[in-house]
Amino acid sequence: MADATLSRDGPPYRMPLRRPGVWAWMTFDFAAQPLFTVIITFVFGPYFVSQLAPDPATGQFWWSAAATVAGLFIALLCPLLGAIADRAGPRKPWIAAFGVVQVIALALLWFAAPGSPLVLVALLIVLAQISAEFSIVFNDAMIPRLIHVRSIGRVSNIAWGLGYAGGIIFLMFTLAFLAGSADTGLTLLGLEPLFGLDPAEGEGARATGPLAALWYLVFVLPMFFLTPDRKPERPIGAAARDGIKDLKATFREIRSRPDLFRFLLARMFYQDGVNGLLILGGAFAAGMFGWSLTESGLFGIIINVAAIAGCLLASVLDAKLGSKGVVVMSIVCLVIATICIASTAPGFTLFGLLTFAPVAEGGLFASGAERSFVVYGMLIGLAYGPVQASSRSWLAQSVTAEEAGRYFGFYALIGRATSFLAPASVAALTAIAASLTDPVTASRIGMSAIILFFALGLALLWNTKGPLRQEG
């Protein structure tokens, strides 16, 4: 098999990007990202809430319920599946199995026409999301065996950037050629939607499901053909029994690795902050400035372009400063961006240090406050890709290839176990503030709760040693 000699402790090559197996592994992120960018965040999710559901409140309930159920399954099962895969050996069969479920679930979203049972559509979203997240655990667990430890941070960041590139390309194609405006029937470019898609029936949003399935199917293939995998070691039954024992041992063992334990605990908090910012930031802007789907989509494109630039920069910095340095700088950047967001209202930013005259005519990001918000969004984009990519490389450099599956499963658990806390904190603080002040000010105060999660993560990381870098 191609690149079969790659290993964590093998020859200390310094040019992993010249190896087809490494590039093929990175195409997984490129294949997987449209699900999160287009289906979950910017196109199908808004369609589910605003058109598929009978009213926005009902839509928001079912969409939130789907995210909650998916999150629970991911948190509970990822560590177990990772531990079993460590004992069984190969990762690709697991990725293939979950990929089949993901492709089928996405393809069936085409039938989610207005009036369809919300519970069935929500179930498809749950299946697609948990299948994707399970596949990510197994894909990430391939890193320590595939890439020399000194190159993990660089490759991880570039792969993450490629993922954002995939999301942007798919989102731009959707806005330009598929998703017509409900008012004009035309796409962002002023064109009739391709294939005669009817905006009134949500066909532009619905078409993203099967197209995302096709995208995943095509771009995940290089990983299967070119990236090396472990050989089979144990039957699934025996691997399951031993994997459960390994998982129990992991919970005990991790306390004997204090720096790794502190890193994972810190990530639990700052990843909650990242998730809260991504989930709520767009809605915060749309509510404050009355953004349309077009403006929200463009905002998403801008953030993801900034994320690509951030990941490319971090791929260099990770090699020079280490994963901890990149993670800490990214968290500081996110704190600054969140403070700036919370300081902004329709007429001013930076808590009133900058004020803006009323806008006479509308248009894309017409007011000074909106343009300021876009700048802060770019700051978020520069940081939220690297903080996640270098966190992945931090863990990959901290574990052996043989234990990578269970630790990346545990990593997924940590990233999901408290993911409800940041949104819940924002909601609670907003509700309290709403009883004391106006709605705009209350929403700004509520968003400030996210700062606490970044601060806790940063405090835990401050005296934590970064991953030991192997020389050779």
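Buried denotes a relative accessible area under 20%, exposed one over 50%, and partly exposed the range in between, with a 1.4 Å probe and protein chains only. The model is predicted, so local features need pLDDT of at least 70 and side-chain atom pairs count only at pLDDT 80 or more, while totals for chains, interfaces and linings use all residues. Residues are numbered from 1 along each chain as its sequence is written, and side-chain values use heavy atoms, with hydrogens and water left out.

**Figure 1. Overview of the protein chain.** The protein chain contains 18 helices and two strands; these elements are DSSP runs numbered from the N terminus (helices H or I, at least four residues; strands E, at least two). Of its 472 residues, 56% count as buried. The protein chain exposes about 19300 Å², and carbon and sulfur atoms supply 71% of that area; accessible areas come from the Shrake-Rupley method with a 1.4 Å probe, and for residues only the protein chains shown count as cover. Among contacts (heavy atoms within 4.5 Å) in the protein chain with a separation of 6 or more, 82% join residues 24 or more positions apart.

**Figure 2. Arg257 in the loop between helix 10 and helix 11.** Arg257 is located in the loop that runs between helix 10 (236-253) and helix 11. With a relative accessibility of 22%, Arg257 counts as partly exposed. Apart from neighbours within four places in sequence, Arg257 is in contact with Ser398, Val399, Glu403 and Tyr407.

Figure 3. Asp259 belongs to helix 11 (residues 258-289) and is partly exposed, at 28% relative accessible area. Residues up to four places away in sequence being set aside, Asp259 touches Thr464 and Lys465. The C-alpha atoms of Asp259 and Ser398 are 9.6 Å apart in space, and the two residues are 139 residues apart in sequence. Thr464 lies in the segment that follows helix 18 and is buried, its relative accessible area being 2%. Beyond its neighbours within four places in sequence, Thr464 contacts Asp259, Arg262, Phe263, Lys324 and Trp394. Thr464 and Phe261 are separated by 203 residues in sequence and by 9.4 Å from C-alpha to C-alpha.

**Figure 4. Packing of helix 13 against helix 14.** Two packed helices are described by the angle between their axes and the distance between the axes. Helix 13 (residues 323-342) packs with helix 14 (residues 368-398) at an angle of about 155 degrees, and their axes are 8 Å apart. That angle makes helix 13 roughly antiparallel to helix 14. Axes are lines fitted to C-alpha atoms, for helices over the stretch in contact, and angles run from 0 to 180 degrees between N-to-C directions. Angles under 35 degrees count as roughly parallel, over 145 as roughly antiparallel, 65 to 115 as roughly perpendicular, and the rest as oblique. The crossing of helix 13 and helix 14 is left-handed; a crossing is left-handed if the near helix is turned anticlockwise from the far one by less than a right angle, and right-handed if clockwise. The contact of helix 13 with helix 14 comprises 18 nonpolar, six polar and one charged residues. In this classification Ala, Val, Leu, Ile, Met, Phe, Trp, Tyr, Cys and Pro count as nonpolar, Asp, Glu, Lys and Arg as charged, and the others, Gly among them, as polar.

**Figure 5. Packing of helix 1 against helix 7.** The axes of helix 1 (residues 20-42) and helix 7 (residues 152-178) are 7 Å apart and form an angle of about 45 degrees. The crossing of helix 1 with helix 7 is right-handed, and the residues of their contact divide into 18 nonpolar, six polar and one charged.

**Figure 6. Packing of helix 16 against helix 18.** Helix 16 (residues 421-434) and helix 18 (residues 449-462) cross at roughly 140 degrees, their axes coming within 8 Å. The two elements, helix 16 and helix 18, are therefore oblique to each other. From helix 16, Leu421, Ala422, Ser425, Val426 and Leu429 meet Ala449, Ile450 and Phe453 of helix 18. By class, this contact of helix 16 with helix 18 has seven nonpolar, one polar and no charged residues.
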